[in-house]
Each structure stands twice: as C-alpha cells, then as structure tokens.
Amino acid sequence: MPTPRRVPLRFLAAGMTALLALAACDGTQDGGAPASPSPARPRPAGAGGLLSGGVWAIRKVDVGGRTENLPPEVRGWIALGNDGTASGSYGCTPFHRKAEVTATHLTLGEEVAPLPAPSLSPAPPTDGPGPCRPDDVAGAPALADFEKKVRAAFGGELSLGTRQSSGHPLELHVRNRRGDDIQLAQARGEDFFGIRWQLVDTTFYDEHGPAFTAGARMYLDFHEDGSVSGKLGCNDVTAKVTFAGTHLYFSNAALTTRRTCGAEIMKEEASVLATLRKSLNYSYWAEPGTLSMSLNEDLAFPAREHGFTLTGKRRR
C-alpha cells in the first residue's frame, strides 16, 4: 500500500463494544484495558449489523518481522458482532467466522454461513478501477499472497493492545503468538450515530474547494437503522445509507421541503443533492477525538477521487 494520504486508513475494520472500550483506554504503549467490557447492545438487522459499534482500519501488517506491502486495491476489514461472530474481508475475499473476544484477546474460529449481501449496491466507478473483488484474486498473485498472510496472521488466540502517540490516531495492535502484528486505526467510534455531521466543503484528491455558504445549515444525521436525515442549506433531506466495512454509499436521496433561499445556497444544495443521488462508493473516516470526517469516492486511483469534508458536533 502506498504511504497513506489525507485519509490514512483504507482497509481493515472491526467494531464491538468490548473493542471500543479497549480503544478508549489511554496509554502510550500496548495494554491498558478496562476490567470488563460494556454491556452488549442489540445490533440492527441488515448486512452484518454494521450500523452499530465501531470500525477499525488497517495501516500496517508485519509478518515474521517484515512489513508487508499492501496492494493499493485491497479493502480488508473486520467487524465483531454481539452474536459471537466476526464478519469482514481479508482484502478482497469476504469472511464470516465464529469469534470470541475479551478486553485483551480475540480468537477467530471456523467459518459460518455467509451474511446476506445488501439489497442495494454502489454505483460502478467511472474514473478508476475501484476496490478489488473476490473474483479478482485468482488472477492476481499479489492479492492472493496478501490475503493468505492476513488469514494466517489472524490464526489462533490474538492479543489486543493499544498505543497512542502525540498527533497520531489511536492504534489497535492485533498480535498472534508468532509475533505477527496487524496495526489498526479507528475509522468510526461508537458515538458516530449521536453526532451531527456538517458538510464543510468538497475535495478533489488533496485539494479543498471553498467552504459551503450555508455553514451549519448543511448537515447530515446518520441513524442506526440506515436512514439519514438532515438539511442541505435550504431544504430538508432524507436518504438511506449502506455501510460495508470502511465504505458507505447513499441511496434514495430526496428533498422533503420546498423552501427557496439565496442563489448561492440553492446552487450548493442542488450540487450536493446531485452527488448524493449518484450513490458513489465512499471510503470514510470519522476520526475519533476530532469530530471530523472525510468521504472520498473510492476509485483505487486517489488522484481522481472526489469527496466531502465534514465536521461534527454532538446532537442534543
């Protein structure tokens, strides 16, 4: 994987109350977990129940003392449910396995029945190849080798530890008994659905457009049932959102009011609504502790990717 850019986490994710409690611990080196995990929360229906809990993304994989090259198109993730299973992807190939987790250890067991696929899917990419898919692996030795090593690294009982460095996101390290280490950073915290996300500006690769004129009147509220409500400067908006690992995409975006505002605000509103209606496959990162989020259309070719910058405040 190339050196991370504006959004430094693109690949592996995990969410569960126990892991979130672990990640919340403060410390500058591995270890330091709460005495017991928080009570489990009911998980909503849907593709793996990914609308509840937190998400983690991979930043680095060390196997046998060597840092592995991450193919740029891999999009691995893992989410730990309250039903004793883990779902995710080794990079391109999905998995659903039994899982046992405590505040300090994780054990992935045998494969179980695959989770149902979402009823909707994102729009196909037009300016790049997009993330890899399971059927890409057979013809791509680099992808197959990477997935093989990730599978092996997740074998047996895994220790969990956190590390916090000044100016860097909190890291979660998953280590097996051989010393292989998968380094994760948090892409979404358990408070995600209690935050109002204000749209700040548009992005193109690492450049930002002018700030939206509407300011705090352009925002989205994500809800655990997969619905989205908000305002696009002048009018109220609703939509559906589907989460899949470190990706999300919108569907059925529509205005629910017919107010008229200033010309610039109306222009911005129309532009954002048109973008949401495209159902682009966004990689997202709601950076814990900073109340900032980025959405970037995942083309697997960053120099062409468009997106949004958002900032958050807790909803009342």
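1. A residue is called buried when its relative accessible area is under 20%, exposed when over 50% and partly exposed in between, using a 1.4 Å probe and protein chains only. By that rule, both Phe 243 and Tyr 284 are buried.

2. This is a predicted model, in which local features need pLDDT of at least 70 and side-chain atom pairs count only at pLDDT 80 or more, whereas totals for chains, interfaces and linings use all residues. Residues are numbered from 1 along each chain as its sequence is written, and side-chain values use heavy atoms, with hydrogens and water left out.

3. The chain has 316 residues, of which 49% count as buried, and its secondary structure comes to 3 helices and 18 strands (DSSP runs numbered from the N terminus, helices being H or I of at least four residues and strands E of at least two).

4. The structure holds 11 aromatic pairs, where rings of Phe, Tyr and Trp (its six-membered ring) pair if their centres lie within 6.5 Å, and planes under 30 degrees apart count as stacked, over 60 as edge-to-face and the rest as tilted. Phe 192 and Tyr 284 form a tilted pair, with 6.5 Å from centre to centre and 50° between the planes. This pair links distant parts of the chain, since Phe 192 is in the loop between β9 (181-188) and β10 (195-204) while Tyr 284 is in strand β16 (residues 282-287), 92 residues apart.

5. Phe 192 is buried, as is Tyr 284. The rings of Phe 243 and Tyr 284 have centres 5.6 Å apart and planes at 80°, so this pair is edge-to-face. Because Phe 243 lies in strand β14 (residues 236-244) and Tyr 284 in strand β16, the pair ties together parts that are 41 residues apart in sequence. Ring pairs link a cluster that includes Phe 192, Phe 243 and Tyr 284.

6. Arg 188 lies over the face of Phe 192, at 5.6 Å from the ring centre, and its charged end also sits over the ring of Phe 243, 4.8 Å from the centre (a charge sits over a ring if NZ of Lys or CZ of Arg is within 6 Å of the ring centre and within 35 degrees of the ring normal).

7. His 247, found in strand β15 (residues 247-255), counts as buried because its relative accessibility is 8%. Its side chain makes a polar contact with the side chain of Asp 298 at 2.6 Å (a pair of N or O atoms within 3.5 Å; within protein, one must be able to donate a hydrogen and the other to accept it, and residues adjacent in sequence count only if both atoms are side-chain atoms).
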